[in-house]
Amino acid sequence: MSTFDEREKGFEKKFAMDEELRFKAEARRNKMLAEWAGEKLGLSGDEVDAYIKAVRKADFEEAGDDDVFRKVKGDLDAKGAGVPDKELRQVMDQFLAQAVTELES
């Protein structure tokens, strides 16, 4: 096997690991975000668990974070617990950073 082939396999392996970390971090972020939003929505117990599943499911609607943002923003607005877009984006970013840190440690 040539050095080029070895390097290519190394890059492929790193890419796969990075994608797995990203997926796990986003799933963890979505859970934290759903718990945070659930508190603002007055949810408790099984309602929070169901909401976590709904937010995670929303994440599969399209690539990127906009689907999760729209889901949570719409739910908060519908309950009159509106949060400014900028604040919600900041919360999402903070939870993602926290999730990555937790997964890397």
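**Salt bridges in a predicted model**

Hi everyone! There are 10 salt bridges in this structure, a salt bridge being a side-chain nitrogen of Lys or Arg within 4 Å of a carboxyl oxygen of Asp or Glu. A word on the source: this is a predicted model, where local features need pLDDT of at least 70, side-chain atom pairs count only at pLDDT 80 or more, and totals for chains, interfaces and linings use all residues. Residues are numbered from 1 along each chain as its sequence is written, and side-chain values use heavy atoms, with hydrogens and water left out.

E26 and R22 form a salt bridge, 3.3 Å from N to O. Both sit in helix α1 (residues 3-40), four residues apart, about one turn of the helix. Helices here are DSSP runs of H or I, at least four residues, numbered from the N terminus. E26 is buried at 16% relative accessible area, while R22 is partly exposed at 40%; buried means under 20%, exposed over 50%, and partly exposed in between, with a 1.4 Å probe and protein chains only.

Next, which residue does E102 pair with in a salt bridge? Its partner is R28, with the closest N and O atoms 3.0 Å apart. E102 lies in helix α4 (residues 85-104) and R28 in helix α1, so this pair ties together parts 74 residues apart in sequence.

Finally, look at K73 and D85, whose closest N and O atoms are 3.2 Å apart in their salt bridge. K73 is buried at 15%, and D85 is partly exposed at 42%. Together with D77, these two residues make a network of salt bridges.

Technical notes
Helices (H or I, at least four residues) and strands (E, at least two) are DSSP runs, numbered from the N terminus.
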